[in-house]
Amino acid sequence: MSERTGRGILDRLRSDFVLGAEGYVFELERRGYIKAGPYVPEVVLDFPDAVKELHREFLRAGSEVMVALTYYAHREKLKDVGRENDLERMNRQAVRLANEVAREGDALVAGNICNTWAYDPQNAQASARIVRAMYEEQLTWAVEEGIDFVISETNDYLGEALIGLQVIKELKLPAMVTLASVQPAQTRDGYDYVEACKILADAGADIVGLNCDRGPETMLPIIEKVRRSVNCYVAAQPVPYKTNAHAATFESLKTANGATAFPLALEPFLHNRFEMADFAQRARALGVNYIGICCGGAPHYVRAIAETLGRMVPASKYSPAMELHPMLGTQVDDKDKAFLTDWKVSIPSSRVEEGQEL
Ligand SMILES: [Zn+2]
């Protein structure tokens with residue numbers, strides 16, 4: 001078990017990058033605990049051990065932040081599945097689960113708010129009141145259960161993101177605010193993504209950037225511009241899918257017969273762990289401070305990112321040692337050898353320090 005340092009998010013970011021990990025809803029859907037469609041995290045109440053296990057896997061893989069699984073655990077979404085009465089219980093329990101696992105290592109706990117689908121720029125004032133009330137109730141419960149900072153994410157509207165930021169700042173917590181980038185260049189209320197990040201930074205966000213929707217190839221060019229335009233910390237949490245110039249988001253990827261692959265048939269587009277490690281290297285080189293992963297994320301990606309950026313993590317104990325593979329270990333050709341060496345997939349177990357095991 002690791003020792004807890006008690007270092008907060010801003011303290012960590014001042015001295016190094018911070019590694020995050022998300023994609024809880026997608027992964028728990030794949031594991032059979034969340035219903036695709038509504039994507040409400042009922043698992044928090046119905047199978048809390050499943051949530052803790054995934055937190056633990058991300059922790060062992062090197063994530064420094066346990067993000068409370070309150071994504072879509074807001075009034076609007078719970079209405080859709082008839083669990084509005086479980087709203088408070090679900091929110092509180094999600095933060096408790098994140099705390100329990102964070103204490104097994106040296107991780108922080110992030111409260112989480114997201115796009116509400118209740119914000120309407122045509123009716124900004126009235127809808128802002130509804131959104132604000134939803135964020136206030138979620139974050140009040142989160143603060144009572146204990147969080148270190150808040151991640152407001154997948155924001156489609158700058159207007160909505162600013163409401164979340166205001167609520168976080170009123171609670172005097174560090175704020176990470178990241179935008180969804182579903183549209184080609186602008187938020188749904190018409191702000192260029194880079195400009196929107198700058199407005200959020202000017203409004204007091206400690207960390208700004210993008211999460212979800214785009215894979216590394218189509219997210220990094222925007223992130224590069226964000227990095228140049230703000231002085232605060234920058235976050236990039238792409239999805240691990242091969243988005244490209246023709247399909248910039250994972251929502252727009254098509255299967256071979258032309259059907260929409262999102263969200264249930266995306267597997268053929270997954271990046272491998274080495275490609276996600278490469279993303280992390282490029283993000284680091286650009287000066288990204290908070291490096292993570294979103295929907296589609298899984299522990300093997302997180303460990304590959306941690307290791308490529310020079311960190312040994314508890315799960316490194318079981319990192320690949322392909323020279324010990326009964327077939328590959330003796331029959332690798334030069335091309336395979338070059339591949340394995342390039343990606344540094346073999347890490348001597350002696351480098352795993354004492355006490356890192358969870
Ligand atoms: Zn996502």
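## Strand pairing and the sheet

Two strands are taken to pair if DSSP finds at least two bridges between them. Helices (H or I, at least four residues) and strands (E, at least two) are DSSP runs, numbered from the N terminus. This is a predicted model, in which local features need pLDDT of at least 70 and side-chain atom pairs count only at pLDDT 80 or more, while totals for chains, interfaces and linings use all residues. Residues are numbered from 1 along each chain as its sequence is written, and side-chain values use heavy atoms, with hydrogens and water left out.

Eight strands form an open sheet with parallel pairing, in the order β1-β8-β7-β6-β5-β4-β3-β2. Its edge strands, each pairing on one side only, are β1 (18–19) and β2.

Strand β3 (residues 108–114) is largely enclosed by the rest of the structure, because seven of its seven residues are buried (under 20% relative accessible area with a 1.4 Å probe, protein chains only; exposed is over 50% and partly exposed in between). In a regular strand the side chains alternate between the two faces of the sheet. Both faces of β3 are covered: L108, A110, N112 and C114 are buried on one side, and V109, G111 and I113 on the other.

Strand β2 (residues 65–67) runs parallel to β3 and is joined to it by three bridges, with V67 opposite A110. Strand β4 (residues 149–155) is also parallel to β3, through five bridges, and F149 in β4 is the bridge partner of A110. From β3 the chain passes through helix α7 (residues 124–145) to β4 in a right-handed β-α-β crossover; right-handed means that, with the strands pointing away from the viewer, the path from the first strand over the helix to the second runs clockwise.

## The zinc site

The zinc ion has C212 (SG), C294 (SG) and C295 (SG) as its protein donors, at 2.2 to 2.3 Å. Donors are N, O and S atoms within 2.8 Å of the metal (3.2 Å for Na, K and Ca), and sites may look incomplete because water is not among the atoms. The donor residues follow the spacing C-x81-C-C. C212 lies in the loop between β6 (207–211) and α10 (216–229), and C295 in the loop between β8 (290–291) and α12 (299–308), so the pair ties together parts that are 83 residues apart in sequence. Both C212 and C295 are buried.

## Pocket and cavity

On a 1 Å grid over the protein atoms alone, a cavity is a set of points where a 1.4 Å probe fits but cannot get out, and a pocket is an open set with protein on both sides within 12 Å along at least five of seven lines; lining residues have an atom within 4 Å of a point. Grid points are joined across faces, edges and corners, and a volume is the space filled by probe spheres set on the points. The second largest pocket holds about 480 Å³ of space. It is lined by 30 residues, of which Y71, Y72, T154, C212 and C295 are the closest to its centre. Helix α2 (24–30) and β4 each give two or more residues to this lining, and α2 gives the most, with three.

The structure holds one cavity of 30 Å³ or more, and the largest cavity has about 50 Å³ of space. Residues lining the largest cavity include G111, N112 and I113. The largest share of that lining, four residues, comes from α7.
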